[in-house]
Amino acid sequence: MTDTYVGSIDQGTTGTRFMVFDHDGNVVSQAYEKHEQIYPEPGWVEHDPMEIWENTKLVINEALDKEGLDAEQLESIGITNQRETTIIWDAETGKPVHNALVWQDRRTTDRVEEIQEAGKVEEIREKTGLECDAYFSATKAEWILDNADPIKLQRSRPEDVRDRAEDGELMMGTPDTWVIYNLTGNHITDVSNASRTMLYDINELEWDDELLDEFNVPREILPEVRPSSDDETYGSTDADGFLGAEVPVAGALGDQQAALFGQTCFDAGDAKNTYGTGSFMLMNTGNEAVSSDHGLLTTIGFQKSGGDVQYALEGSIFITGAAIEWLEDMTLIEDAAESEELARSVDSTDGVYVVPAFTGLGAPHWDQRARGTIVGMTRGTRREHIVRATLESIAYQTKDVAEAMVSDADIDLSSLRVDGGAVKNNFLCQLQANIIGTEIVRPVVDETTALGAAYAAGLAVGYWDTVDELRDNWQVDRRFPQDPDADIEVNYGRWKDAVERSEDWAQDE
């Protein structure tokens with residue numbers, strides 16, 4: 001009998017990966033391709049959706065070819081994606097009307113401040129669980145509809161873009177929706193991604209008319225919302241298409257919810273932190289949408305077919321892994337691996353603090369106008385101190401979120417499961433354990449975002465029967481216990497001082 005597998009498309013902020021997993025959750029093959037980061041103006045970040053789709057096809061074929069696999073061996077495909085990033089495309093041609101506006105994009109900050117000044121923040125939070133912020137999709141969709149160039153659509157008048165949207169001739173979605181559409185021809189998203197748009201009522205589980213009116217987004221362009229693991233499937237690939245096989249697409253999760261799923265955080269109180277471009281700490285709160293009093297987001301974690309929605313508390317940190325990339329851009333390090341070696345070479349930061357608020361501050365501060373700051377430098381400051389301070393900033397930001405989460409959920413955090421590229425750095429993992437004051441647990445498979453999407457898709461088609469099978473697959477690579485001699489309270493206090501200095505800096509942007 002031919003071995004069968006589940007495929008996972010991980011469409012991330014910096015690139016797209018395709019991974020093939022076996023029944024034990026082991027990686028059989030993978031391929032990765034970066035895409036261009038487009039910065040038209042300061043604070044603006046865009047991606048080319050067509051490049052993302054071409055790269056998606058490329059990595060799928062490359063991963064299959066690498067191990068001599070046939071697409072017919074894929075039982076199903078799952079998708080995970082950068083959330084909040086917004087794409088609008090022509091339903092007839094399948095071509096985008098504008099580049100994707102990336103979750104990091106801040107061009108709608110003024111629009112958000114208008115809403116804040118109008119006193120509508122609490123109403124939005126009650127319905128969506130989200131802070132009113134340019135981070136989310138609503139103002140991005142509004143901006144595209146108001147600013148897309150009609151010439152690119154071969155139209156003559158700017159209002160044609162909105163007219164066509166209201167006539168249902170345009171489609172909107174986050175990258176999961178874009179990839180599902182290109183794979184199957186169907187316009188679908190899952191509940192976890194819908195919950196990140198600031199247009200979806202997470203209590204009623206439906207698109208909200210009042211929010212759609214507020215943000216001038218026609219209901220006609222929105223995708224159908226389905227469970228994250230859907231036994232009805234979202235559709236199948238075309239046997240005459242690039243794969244040459246009909247493979248069901250049966251699971252989708254926003255990247256952070258996918259990591260929660262991949263870390264098998266299926267029970268209330270389970271928590272994980274993913275270190276990617278940003279860092280995102282999520283705690284499963286079960287069937288209850290727990291409101292936050294400390295700047296966290298209430299979001300949908302996932303939903304399996306026929307089951308209730310599982311909610312989560314989330315702390316969204318905008319810049320962590322991207323801070324390491326910044327060190328490379330500034331030629332302070334040659335590659336990410338060098339950061340560990342340099343950080344270990346000094347005993348401390350020598351009083352230096354880096355606040356990597358390059359695109360503002362997320363949870364628990366939510367300051368759109370904060371900007372990156374380095375404080376405490378002297379003539380004796382060397383690059384080793386700045387590198388170590390940058391790694392410490394990742395751990396401090398996570399502690400900010402962890403403290404808020406413990407207060408909101410009223411539980412002790414006994415351990416934290418971690419994943420993402422940065423957790424390969426043992427120095428960072430131990431530093432995180434010391435600063436947050438809890439055990440850090442790193443799994444064998446640290447690409448848990450892709451694994452979570454595979455699990456969702458595999459459960460939907462019966463490749464795995466129960467979540468207990470997934471729990472059995474999860475294995476510890478290494479535990480990092482808190483060093484009882486670590487004294488970080490003074491340093492953490494100074495970190496808070498540094499954060500204050502970064503806040504509300506971009507007054508004139």
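Reply: In this predicted model, helices H11 and H12 cross each other in a left-handed sense. The residues that make the contact are Glu338, Ser339, Leu342 and Ala343 on the H11 side, and Arg383, Glu384, Val387, Arg388 and Leu391 on the H12 side. Sorted by class, this contact has four nonpolar, one polar and four charged residues.

Two packed helices are described by the angle between their axes and the distance between the axes. H11 covers residues 336–344, and its axis comes within 8 Å of the axis of H12, with a crossing angle of roughly 110 degrees. H11 is therefore roughly perpendicular to H12, because angles from 65 to 115 degrees fall into that group.

H12 also packs against H13. Here the axes lie 9 Å apart, and the angle is about 40 degrees. This makes H12 oblique to H13. The crossing of H12 and H13 is right-handed, whereas that of H11 and H12 is left-handed. From H12, the residues Arg388, Leu391, Glu392, Ile394, Ala395, Tyr396, Thr398, Lys399 and Ala402 take part. They meet Phe427, Leu428, Leu431, Gln432, Ile435 and Ile436 of H13. The classes in this contact are ten nonpolar, two polar and three charged residues.

Helix H12, which spans 383–409, and helix H13, which spans 426–436, each give at least two residues to the pocket lining. H13 provides the largest share, with five residues. Taken by class, the lining of this pocket comprises seven nonpolar, six polar and five charged residues.

The whole structure was searched for cavities of 30 Å³ or more, and two were found. The largest cavity holds about 100 Å³ of space. Its lining consists of 16 residues, and Ile317, Leu361, Ala363, His365 and Gln397 are those nearest the centre. H12 and helix H16, residues 489–502, each contribute at least two residues to this lining. Eleven of the lining residues are nonpolar, four are polar and one is charged.

The second largest cavity may be set beside it. About 40 Å³ of space lies within this cavity. Strand S8, residues 170–173, and helix H7, residues 191–194, each supply at least two residues of its lining. Met172, Thr189, Asn193 and Trp207 are among the residues that line this cavity. By class, its lining has five nonpolar and six polar residues, with no charged ones.

In summary, H12 is roughly perpendicular to H11 and oblique to H13. H12 also supplies residues to the lining of the second largest pocket and to that of the largest cavity.

Note on methods. Residues are numbered from 1 along each chain as its sequence is written. This is a predicted model: local features need pLDDT of at least 70, side-chain atom pairs count only at pLDDT 80 or more; totals for chains, interfaces and linings use all residues. Side-chain values use heavy atoms; hydrogens and water are left out. Helices (H or I, at least four residues) and strands (E, at least two) are DSSP runs, numbered from the N terminus. Ala, Val, Leu, Ile, Met, Phe, Trp, Tyr, Cys and Pro count as nonpolar, Asp, Glu, Lys and Arg as charged, and the others, Gly among them, as polar. Axes are lines fitted to C-alpha atoms, for helices over the stretch in contact, and angles run from 0 to 180 degrees between N-to-C directions. Angles under 35 degrees count as roughly parallel, over 145 as roughly antiparallel, 65 to 115 as roughly perpendicular and the rest as oblique. A crossing is left-handed if the near helix is turned anticlockwise from the far one by less than a right angle, and right-handed if clockwise. Contact means heavy atoms within 4.5 Å. On a 1 Å grid over the protein atoms alone, a cavity is a set of points where a 1.4 Å probe fits but cannot get out, and a pocket is an open set with protein on both sides within 12 Å along at least five of seven lines; lining residues have an atom within 4 Å of a point. Grid points are joined across faces, edges and corners, and a volume is the space filled by probe spheres set on the points.
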